[in-house]
Amino acid sequence: KTQRGEKRTVTLPDGSTIRMNYETEVKVPKQFEGDERVVYLTGQAHFDITRNPEKPFIVYTDDTKTRVLGTSFDINTKKADETEIIVTSGKVSFSEKGQPDNLVTLTVNDRAILKTAQRILKSEIDAQKFTAWKENKLVFDGETLQEVIQVIEPWYDIKIMVKDPDKLQGSYKFSYANPSLQELFERLSFMAKFDY
């Protein structure tokens, strides 16, 4: 389990790795037994799964089931009533839990989103942009200042108060590798023209 402002990498008994973003919980058995490798996720994590055709790897969230033999993918359950998956290598089967007919097969740069009681929506994206967090990179591509704040508050474990709501308008495009909070605010304040 990770807290606000914390990231962690866990290596599983089969050699697979899980990179956990902030405020994430992964339930994993001490040893994988039976004919499946099963874990449970709440939050956001990137999985690099060791290939084993005899023993598929299954990730359950509250609403979804992801089945792989060996691949890399990112699952995010942080938005209310929504689960998102992004594939960075290999092939993934993604379905609504308990609804096997609501299923999609995904490959590299595919993204799927399941909102509660809806069909899964599949699209093609740049997976590197959406999974940059695992390398401590902040990437924004047209987000509003409000959306930027929603990412950086738990990233740095801070609370941001905005006195002038007009500053929340507009969109911002930038990326930053492993920035300190001061570096980030200097850049943001210059772009959005605010004092902090």
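Buried means under 20% relative accessible area. The views below show a predicted model.

**View 1. Threonine T66 inside strand β7.** T66 has a relative accessibility of 1%, so T66 counts as buried. T66 sits in strand β7, which spans residues 64-68. Leaving aside residues up to four places away in sequence, T66 touches F57, I58, V59, F73, I75, I85, V92, S93 and F94.

**View 2. Helix α2 and what covers it.** Helix α2 runs over residues 145-156 and has 12 residues. From first C-alpha to last, α2 reaches 16 Å, close to the 16 Å expected at 1.5 Å a residue. Its buried residues are L145, V148, I149, I152, E153, P154, W155 and Y156. The cover over these buried residues includes β14 (137-143), β15 (172-177) and α3 (181-192). D157 follows α2 and has a positive phi, near 55°.

**View 3. The largest pocket.** This pocket has a volume of about 810 Å³. Its lining holds 26 residues. Nearest the centre lie Q44, N76, K79, E143 and V151. The elements giving two or more residues to this lining are β8 (72-76), β9 (82-89), α1 (127-130), β14 and α2. β14 gives the most to the lining of the largest pocket, with 5 residues. By residue type, the lining of the largest pocket divides into 10 nonpolar, 5 polar and 11 charged.

**View 4. The second largest pocket.** The volume here is about 290 Å³. The second largest pocket is lined by 15 residues. I160, M161, V162, F194 and D195 lie nearest its centre. Both α2 and α3 supply at least two residues of this lining. The largest share, 3 residues, comes from α2. The lining of the second largest pocket has 10 nonpolar residues, no polar ones and 5 charged.

**View 5. Methionine M161 in its loop.** M161 is found in the loop between α2 and β15. M161 has a relative accessible area of 70%, so M161 is exposed. M161 is also among the residues nearest the centre of the second largest pocket. M161 and Y196 are 35 residues apart along the chain. Their C-alpha atoms are separated by 9.7 Å.

**View 6. The salt bridge between E25 and K1.** Side chains of opposite charge can pair when their charged atoms come close. The whole structure holds 14 salt bridges. One of them joins E25 to K1, with the closest N and O atoms 4.0 Å apart. E25 lies in strand β3 (residues 25-27) and K1 in the segment before β1 (8-11), so this pair ties together parts that are 24 residues apart in sequence. E25 counts as partly exposed because its relative accessibility is 27%. K1, at 56% relative accessibility, counts as exposed.

**View 7. The salt bridge between R111 and E84.** R111 pairs with E84 in a salt bridge, and the closest N and O atoms are 2.8 Å apart. R111 belongs to strand β12 (residues 110-115) and E84 to strand β9, so the bridge ties together parts that are 27 residues apart in sequence. R111 has a relative accessible area of 17% and is therefore buried. E84 has a relative accessible area of 10%, so E84 is buried. Strand β9 is also among the elements that give two or more residues to the lining of the largest pocket.

**View 8. The salt bridge between K122 and D110.** The side chains of K122 and D110 meet in a salt bridge, 3.9 Å from N to O. This pair links distant parts of the chain, 12 residues apart. K122 lies in strand β13 (residues 121-124), while D110 lies in strand β12. K122 is partly exposed, with a relative accessible area of 45%. D110 is buried, with a relative accessible area of 9%.

**View 9. A salt-bridge network.** Salt bridges that share partners join K1, E25 and K27 into one network. The bridge between E25 and K1 has its closest N and O atoms 4.0 Å apart.

Terms used. Residues are numbered from 1 along each chain as its sequence is written. This is a predicted model: local features need pLDDT of at least 70, side-chain atom pairs count only at pLDDT 80 or more; totals for chains, interfaces and linings use all residues. Side-chain values use heavy atoms; hydrogens and water are left out. Helices (H or I, at least four residues) and strands (E, at least two) are DSSP runs, numbered from the N terminus. The expected span of a helix is 1.5 Å times one less than its number of residues. Buried means under 20% relative accessible area, exposed over 50%, partly exposed in between (1.4 Å probe, protein chains only). Contact means heavy atoms within 4.5 Å. On a 1 Å grid over the protein atoms alone, a cavity is a set of points where a 1.4 Å probe fits but cannot get out, and a pocket is an open set with protein on both sides within 12 Å along at least five of seven lines; lining residues have an atom within 4 Å of a point. Grid points are joined across faces, edges and corners, and a volume is the space filled by probe spheres set on the points. Ala, Val, Leu, Ile, Met, Phe, Trp, Tyr, Cys and Pro count as nonpolar, Asp, Glu, Lys and Arg as charged, and the others, Gly among them, as polar.
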